[in-house]
Amino acid sequence: QVHLREIGGGSVQVGGSLTLSCAASKYPHDHTVIGWFRQVPGTAREGVASLYIGGLSPVYIASVQGRFTISQDNAKNTTYLQMNDLKPEDTAMYYCAAGRLGLGFMVDRVVREADFDYWGQGTQVTVSA
């Protein structure tokens with residue numbers, strides 16, 4: 001069974017940094033993509049970044065490009081989201097998810113919720129002024 005566990009959330013001031021980790025019990029697919037999503041209560045979940053564990057350039061949404069970096073340590077089945085220059089609008093519950101490599105990543109270059117089939121429980125990130 002596949003389990004994903006996020007750690008590393010917390011509270012930080014504007015301009016600060018946090019690193020989230022997503023530890024997978026195993027990768028569910030031969031070609032797995034790990035994605036980071038975030039959600040503010042009352043709004044839809046938003047895909048933030050994704051990474052194919054076998055390589056290729058990661059995908060980021062425009063609002064985090066240049067501030068967030070997704071990376072991996074395959075030996076540990078762990079994916080990281082380094083978040084720098086945090087802003088109040090980055091405040092959300094952050095989830096990691098695992099899915100199969102597909103057109104969303106390779107062609108559309110989007111982080112689409114429907115492309116992911118395993119989810120963690122989430123970790124809260126709060127950015128205050």
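**View 1. Arg 112 and Asp 115 meet in a salt bridge.** Arg 112 has a relative accessible area of 34%, so Arg 112 counts as partly exposed (between the limits for buried, under 20%, and exposed, over 50%, with a 1.4 Å probe and protein chains only). Asp 115 is also partly exposed, because its relative accessibility is 27%. Their side chains come together at 3.2 Å, N to O; a salt bridge here means a side-chain nitrogen of Lys or Arg within 4 Å of a carboxyl oxygen of Asp or Glu. The model you are looking at is predicted, so local features need pLDDT of at least 70 and side-chain atom pairs pLDDT 80 or more, while totals for chains, interfaces and linings use all residues. Residues are numbered from 1 along each chain as its sequence is written, and side-chain values use heavy atoms, leaving out hydrogens and water.

**View 2. Asp 90 forms salt bridges with Arg 38 and Arg 67.** The structure holds six salt bridges, and here you can see Asp 90 paired with Arg 38 at 2.9 Å, N to O. This pair links distant parts of the chain, 52 residues apart: Asp 90 is in the loop between β8 (78-83) and β9, and Arg 38 is in strand β4 (residues 32-39). Strands (E, at least two residues) and helices (H or I, at least four) are DSSP runs, numbered from the N terminus. Asp 90 counts as buried because its relative accessibility is 0%, and Arg 38 is buried at 6%. Now look at Arg 67, whose closest N and O atoms with Asp 90 are 2.8 Å apart. Arg 67 lies in the loop between β6 (59-60) and β7 (68-73), so this pair ties together parts 23 residues apart in sequence. Like Asp 90, Arg 67 is buried. Together with Glu 46, these residues, Arg 38, Arg 67 and Asp 90, are linked in a network of salt bridges.

**View 3. The largest cavity has a volume of about 70 Å³.** A cavity is a set of points on a 1 Å grid over the protein atoms alone where a 1.4 Å probe fits but cannot get out, and lining residues have an atom within 4 Å of a point. The lining includes Val 33, Ser 50, Phe 105, Arg 112 and Asp 115. Strand β9 (92-100) and helix α1 (103-108) each supply at least two lining residues.

Methods: 1 Å grid on protein atoms, 1.4 Å probe; cavity = no way out; pocket = protein on both sides within 12 Å on 5 of 7 lines; lining within 4 Å. Points joined across faces, edges and corners; volume = space filled by probe spheres on them.
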